[in-house]
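Hello,

Here is the structure we talked about handing over.

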Amino acid sequence: MKAFRIGLIGAGGRGVSLAKNVSESGLGDVVAAYDPNPSYAKEWMRAAEYEIPLVDRDSLLSDPKLDGVIVGSPDHCHRQDAIDGLRAGKPVLCEKPMAISIADCDEMLRVQKETRQSLRIGFNLRFHPLYQKMQEIAASGKLGRITTVWIRHFVGFGGTYYFQDWHSRRALSTSLLLQKATHDFDVMHFVAGSYTRRLTALGRRSYYGGDRSNALTCPECEEKYTCPETNLDPAVPRNQCAFRQEVDVEDNESVLMELESGAIATYGQCHFSPDYHRSYVFIGTKGRMESFESMRRVEGWQRDNRVEVLYRQGVERETFHFDLTGSGHGGADLRMIRNWLLSIHEGRADTENPIAGRQSVAVGCLAAESLRTDNRWLTLPSVV
Ligand SMILES: NC(=O)c1ccc[n+]([C@@H]2O[C@H](COP(=O)([O-])OP(=O)(O)OC[C@H]3O[C@@H](n4cnc5c(N)ncnc54)[C@H](O)[C@@H]3O)[C@@H](O)[C@H]2O)c1
């Protein structure tokens, strides 16, 4: 098999990390990247000890030798970047969330059909052994009919990851129910085997945001040694004040959903939790399963990945342990990249994947709309 030559649009933290995965896969390399902020991109490359030549956007998209394009730009750029990649005749791996509105996702789906190119959304958790096991157990029928889903997302690095740069502005991300929860809504759809039919939500900003200047950054702040949200780490170049005026996304949300299968699901996300992990419970008519992920706490990482299954009758309990030593979401990032590159080699397009991307964005957008208005129930529009 020939070595893949991949292009990258958006060489920030995530883009550079995925580029490194391409090389680690042994199947190719990212040979060129475009980023409108080269010095920022270079900071991430330095931190990752991985160099990619920076080129201009047009020469990247018109390079006939590129076999595919990874879109690692901020969420509000995904629509344009992915569409330009598809129109340039390249298979595209676009980071999650697919886009920041349902209309943008639908446009991407239309262009994908029109160009007959492969469009993948970066749902790395579908390549995580723990969630793959949950999907396998649910699909085997051992739990009976899935009736109930409870998901909790404890976001321990909320300040640094989501409130110190573009993530915290609705104009650029719509809501953290897309940016962050898009993974969870997708895992819910993947494991339960059903998309969401309708939902209602409640949420607010309970901690971040405030009256500080939009221009304030941690290194320049007088309170940099006392503020609980200070980020002075040069390896993580996100340091806008987490309490600045422009912050307008919620940090505390709950969503209640009915799936097309009739199952009832709840999702809770809090961005100022002292620990960082997700917890999923799926209950069926014959039993229930629960995930336990490695978590970061004040005292450090507690490494433990397992799925526990309890049955109403017969087998008492099953526990599946996962020894996840790989970096990048327990090695899921590398597995996702390998799978994408092999799918290009085999000319195999996963047509369901971008629809799943659209459906999880639809849940996030409608949940944000519900909680920002009068918490009304909203029904997902069909894919057009
Ligand atoms: N799947 C995952 O687990 C995962 C993890 C982290 C981030 N992500 C996703 O990756 C994307 C990037 O996140 P990040 O944390 O690296 O953000 P980031 O801000 O660190 O990097 C984004 C990069 O894109 C560049 N950029 C800005 N405007 C652009 C444009 N118009 N065209 C091209 N590039 C542009 C920025 O200069 C920056 O270098 C986001 O969509 C995020 O949701 C996914």
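**Helix H11**

In H11, the buried residues are Ala 332, Asp 333, Leu 334, Arg 335, Met 336, Ile 337, Trp 340, Leu 341 and Ile 344. Bear in mind that this is a predicted model.

What covers those buried residues? The cover includes helix H1 and strands E1 (4–9), E2 (28–34), E3 (68–71), E4 (92–94) and E5 (119–121).

The length of H11 (residues 332–346) checks out. Its 15 residues, at 1.5 Å a residue, should span 21 Å, and the end C-alpha atoms are 21 Å apart, so the two agree. After H11 comes Gly 347, with a positive phi near 65°.

**Around the ligand**

The ligand is surrounded by 25 residues. Gly 10, Gly 12, Arg 14, Asn 37 and Ser 73 are the closest. Two elements give two or more residues to this shell: helix H1 (13–24) and helix H2 (38–48). H1 supplies the largest share, 3 residues.

By class, the shell has 11 polar, 7 nonpolar and 7 charged residues. Which domains does the shell draw on? It takes at least three residues from each of domain 1 (4–125 + 339–344) and domain 2 (126–331 + 361–379).

**H6 against H10**

Helix H6 (residues 129–140) packs with helix H10 (residues 182–192). The angle is about 35°, and the axes are 8 Å apart. From H6, the contact uses Tyr 131, Met 134, Gln 135 and Ala 138. From H10, it uses Val 187, Phe 190, Val 191 and Ala 192. By class, the contact of H6 with H10 has 7 nonpolar residues, 1 polar residue and no charged ones.

An α-helix has 3.6 residues a turn, so residues three or four places apart point the same way.

**Thr 115**

Thr 115 sits in helix H5 (residues 102–115). Is Thr 115 buried or partly exposed? Thr 115 has 17 other C-beta atoms within 10 Å. Buried would take 20 or more, and exposed 12 or fewer. Therefore Thr 115 is partly exposed.

Which residues does Thr 115 contact, leaving aside its neighbours within four places in sequence? They are Leu 86 and Arg 87. Val 255 lies 140 residues from Thr 115 along the chain, and their C-alpha atoms are separated by 36 Å.

Best wishes

Terms used
Residues are numbered from 1 along each chain as its sequence is written. This is a predicted model: local features need pLDDT of at least 70, side-chain atom pairs count only at pLDDT 80 or more; totals for chains, interfaces and linings use all residues. Axes are lines fitted to C-alpha atoms, for helices over the stretch in contact, and angles run from 0 to 180 degrees between N-to-C directions. Helices (H or I, at least four residues) and strands (E, at least two) are DSSP runs, numbered from the N terminus. Two residues are in contact if their C-beta atoms, placed from the backbone, lie within 7 Å. Ala, Val, Leu, Ile, Met, Phe, Trp, Tyr, Cys and Pro count as nonpolar, Asp, Glu, Lys and Arg as charged, and the others, Gly among them, as polar. A residue is near a molecule or strand if its C-beta atom, placed from the backbone, lies within 6 Å of it. Domain bounds come from an automatic or database domain assignment. The expected span of a helix is 1.5 Å times one less than its number of residues.
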